[in-house]
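I opened the model to look up a metal site, a sheet and a helix. My notes follow in the order I checked things.

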Amino acid sequence: MPRMTLRNILLHPDPRLKKACEPVAEVNAKIRDLANDMLETMYDAPGVGLAGPQVGVLKRIFVIDCAEKDAAPDPMILINPEITWVSEELNTYDEGCLSIPEIYEPVTRPEMVRMSYLDADGKLHEDEFEALHATAVQHELDHLDGILFIDYISKMKREMITNKMKKLKKELARG
Ligand code: NI
């Protein structure tokens, strides 16, 4: 059983959430610890996905678990992920984000994607993701390029959400 630590989730707006992340140079024990911490932090939140920059680590890594509520957990660790194919068919989901709590907005993305990535052992995979899984991996990959789901909605709505988040962060800082 790996030892895991909950990490602090950065809240929007934060300059670290707007940066393009560096590839992971080597999949080593430190990266595996980070991935396990990220899974633990995601389950604790709770959420279905979490990307490196959301815990202040500007590396190309994210974790997801899109299992149905009563199904067995299905944790996945994706390192240096790259989209290799997208479907022409689109899908719209109400997306949320652990860095923008309690905000949900519809975002339209390809319904299916193929993505290559390294797993926690450094092994190369190429998997096809569909429906909620496809949305999750695209949302998380965006994080690695400094893109948030609110970047797809209207500027007016985005500014309203950002102002709300600024107020929330002030309240949290006051404690
Ligand atoms: Ni997110």
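I call a residue buried under 20% relative accessible area, exposed over 50%, and partly exposed in between (1.4 Å probe, protein chains only). This is a predicted model, where local features need pLDDT of at least 70, side-chain atom pairs count only at pLDDT 80 or more, and totals for chains, interfaces and linings use all residues. Residues are numbered from 1 along each chain as its sequence is written, and side-chain values use heavy atoms, with hydrogens and water left out.

**Metal site.** I looked up the nickel ion. Its donors are Cys97 (SG), His139 (NE2) and His143 (NE2), at 2.1 to 2.3 Å. Donors here are N, O and S atoms within 2.8 Å of the metal (3.2 Å for Na, K and Ca); water is not among the atoms, so sites may look incomplete. Along the sequence the spacing of the donor residues reads C-x41-H-x3-H. I then placed the histidines. His139 and His143 both sit in helix H2 (residues 131-143), four residues apart, about one turn of the helix. Both His139 and His143 are buried. Helices (H or I, at least four residues) and strands (E, at least two) are DSSP runs, numbered from the N terminus.

**Sheet.** I traced the strand order next. The open sheet has five strands, E1-E2-E3-E6-E7, with antiparallel pairing. Strand E1 (49-51) and strand E7 (124-130) are at the edges with a single partner strand each, so one side of each lacks a neighbour in the sheet. From one strand to the next the twist averages 40°. Two strands pair if DSSP finds at least two bridges between them. I find three bridges between E1 and E2, four between E2 and E3, and seven between E6 (residues 112-118) and E7. Phe62 of E2 faces Ala51, and its bridge partner in E3 is Leu78. Tyr117 is opposite His125 in E7.

Which residues of E2 are buried on its two faces? Ile61 and Val63 are on one side, Phe62 and Ile64 on the other. In a regular strand, side chains alternate between the two faces of the sheet.

**Helix over the sheet.** Helix H1 (residues 29-44) lies across E1, strand E2 (61-64) and strand E3 (76-86), at about 40° to E2. Axes are lines fitted to C-alpha atoms, for helices over the stretch in contact, and angles run from 0 to 180 degrees between N-to-C directions. Contact means heavy atoms within 4.5 Å. The buried residues of H1 include Ile31, Leu34 and Met38. Their cover includes E1, E2 and E3.
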